[in-house]
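Here is a short briefing on one protein chain. Look over the sequence and the model first, then work through the points below.

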Amino acid sequence: MKKINDIELFEETKHWILEDKLGIDFAVNILIQDNIIKKSQYNEYYKKIDNLYKNYYKKTYSDVKKCPKCKEGYLLKKKGRYGYFKACDRFPFCNFTEKI
Ligand SMILES: [Zn+2]
């Protein structure tokens with residue numbers, strides 16, 4: 001089992017989280033399956049990944065909240081036909097939206 005730093009952790013998981021929108025739980029489970037982390041480290045890595053992506057989004061979006069529906073995604077400000085709103089970044093897997 002090799003040590004994985006935050007940069008590697010972000011690189012390793014961004015495909016699943018940012019592109020495939022599979023969520024943090026999925027990403028952590030794959031890391032366990034691939035023997036990158038231990039099963040007992042689930043909570044620790046869930047929090048780590050959660051913070052990595054929260055910080056990643058904070059660079060672009062000032063306040064980043066967790067999605068109350070799927071509890072995996074983050075609510076990001078989007079511009080729609082009728083103005084701004086917040087939507088879960090896991091769309092189309094989660095369709096939660098919120099008025100601003
Ligand atoms: Zn969601």
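Through how many residues does a hairpin join E2 to E3? The link is made through 2 residues. Keep in mind throughout that this is a predicted model.

**Overall layout**
- The protein chain has 3 helices and 4 strands.
- In sequence order, the pattern reads α-α-α-β-β-β-β.
- The C-alpha trace spans about 50 × 25 × 20 Å along its principal axes.
- The protein chain has 100 residues, and 20% of them count as buried.
- Take the contacts in the protein chain with a separation of 6 or more: 27% of them come from residues 24 or more positions apart.

**Strand pairing**
- Strand E2 covers residues 74-80, and strand E3 covers residues 83-88.
- E2 and E3 run antiparallel and are joined by 6 bridges.
- Within this pairing, Lys 79 stands opposite Tyr 84 in E3.
- E3 also pairs with strand E4 (residues 97-99), again in the antiparallel sense, over 3 bridges.
- Here Lys 86 stands opposite Glu 98 in E4.
- As a general point, side chains in a regular strand alternate between the two faces of the sheet.

**Nonpolar core**
- The largest nonpolar core has 13 residues.
- Ile 24, Ala 27, Val 28, Leu 31, Tyr 45 and Ile 49 have the most contacts inside this core.
- At least two core residues come from each of helix H2 (24-33), helix H3 (42-58) and E2.
- H2 gives the most, with 4 residues.
- Leu 31 touches Ile 36, Ile 37 and Tyr 45, leaving aside residues up to four places away in sequence.

**Glu 8 in helix H1**
- Helix H1 covers residues 6-19, and Glu 8 lies in it.
- Is Glu 8 buried or exposed? Glu 8 counts as exposed, because it has 12 C-beta neighbours inside 10 Å and the cut-off for exposed is 12 or fewer.
- Glu 8 and Leu 75 are 67 residues apart along the chain, and their C-alpha atoms are separated by 24 Å.

**To recap**
- E3 pairs with E2 over 6 bridges and with E4 over 3 bridges.
- Glu 8, in H1, counts as exposed.

Conventions: Residues are numbered from 1 along each chain as its sequence is written. This is a predicted model: local features need pLDDT of at least 70, side-chain atom pairs count only at pLDDT 80 or more; totals for chains, interfaces and linings use all residues. Two strands pair if DSSP finds at least two bridges between them. A nonpolar core is a set of buried Ala, Val, Leu, Ile, Met, Phe, Trp, Tyr and Cys residues joined through C-beta atoms within 7 Å. Two residues are in contact if their C-beta atoms, placed from the backbone, lie within 7 Å.
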